[in-house]
Amino acid sequence: VAAEEDKFFPKSTQVSIEEIPADTVAGILCVEKDSDPDTLKQVLSLGLPLKKFIVLSQIGVDAREDDWKLKLNPFLKLDKWAQIENTLKECADLYNFDYTILRVGGLQGGPYYDTNRDFQTALEERIFDADVKGAVLKEGDQPNGKTGRDVAAQCLIECLRQPDAANKVLSLTSVKIFREDGVGCSVDNALELGPAGKNRPRCVNTPTQDEWKKAFNKALP
């Protein structure tokens with residue numbers, strides 16, 4: 001439990017593994033593959049004193065009905081993500097808690113640069129995060145792109161802090177060139193990770209607290 005707010009988690013945050021404390025007031029569902037809507041419904045109906053729940057989703061949910069390539073893409077499974085989003089909204093209305101949905105593009109980078117360790121060595125020779133100069137946060141969907149895992153993880157936590165993010169659908173992408181509609185990523189290696197292969201330093205860029213505030217102000221004016 002965090003006694004006071006640190007650079008990542010809000011005050012009184014408790015990290016639990018494979019269990020859900022009975023006094024949970026806020027939660028984040030962050031999985032890279034589509035989850036089961038029925039399982040999510042079961043969790044949200046446990047009688048927890050929830051005030052806010054956040055779900056990671058996939059960019060393209062809104063656009064799938066007008067783009068058959070998106071809808072039929074077997075890797076995106078946008079219909080399944082749409083079911084998860086709708087389940088969250090229905091439960092939030094039924095059990096009277098706030099929700100935030102954060103849609104991301106293809107996830108890249110992170111502490112291991114890929115969840116499949118077989119590709120780790122190859123990916124460390126071409127680190128996606130090294131070229132990231134900014135992040136773009138929008139309300140609703142935005143054109144598909146890539147999203148750094150570190151940036152996505154921080155944004156999910158920031159959604160807990162930002163009251164204006166309540167009952168909103170947001171989307172987040174990483175960009176290699178700073179854009180006026182986005183914010184910079186001025187923090188290098190916030191997790192203080194050790195060197196990568198061949199003793200190369202990690203170059204994982206994420207926004208500062210002030211930059212996150214600007215990002216939410218731009219997305220939710």
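Author: Accessible areas come from the Shrake-Rupley method with a 1.4 Å probe. In this predicted model, the accessible surface of the protein comes to about 12,400 Å², and carbon and sulfur atoms hold 51% of that surface.

Reader: What percentage of the residues count as buried?

Author: Of 221 residues, 44% count as buried. The protein has six helices and 10 strands. Among contacts with a separation of 6 or more, 76% are accounted for by residues 24 or more positions apart.

Reader: Where is confidence lowest, and where is it highest?

Author: Where pLDDT is low, the predicted coordinates should not be read in detail. Here the mean pLDDT is 82, with 79% of residues reaching 70 or more. Confidence is lowest in helix α4 (residues 120-124), at a mean of 55, and highest in strand β3 (residues 98-104), at 97. Over residues 125-129, pLDDT stays under 50, and the model has 17 contacts beyond four places in sequence for this stretch.

Reader: How is the packing of α1 and α3 to be read, and at what angle do they pack?

Author: Two packed helices are described by the angle between their axes and the distance between the axes. Helix α1 (residues 37-44) packs with helix α3 (residues 78-95) at about 20°, and their axes are 9 Å apart. Angles under 35 degrees count as roughly parallel, and α1 and α3 are therefore roughly parallel to each other. Their crossing is right-handed. On the α1 side the contact is made by P37, L40, K41 and L44; on the α3 side, the residues include I84, L88 and Y95.

Note on methods:
Residues numbered from 1 in each chain as written. Predicted model: local features only at pLDDT ≥ 70, side-chain atom pairs only at ≥ 80, totals over all residues. Heavy atoms only, no water. Helix = DSSP H or I, 4+ residues; strand = E, 2+ residues; numbered from the N terminus. Buried < 20%, exposed > 50% of the residue type's maximum accessible area, 1.4 Å probe, protein only. Contact = heavy atoms within 4.5 Å. pLDDT = per-residue confidence, 0-100. Axes fitted to C-alpha atoms, helices over the stretch in contact; angles between N-to-C directions. Parallel < 35°, antiparallel > 145°, perpendicular 65-115°, else oblique. Left-handed = near helix turned anticlockwise from the far one by under 90°.
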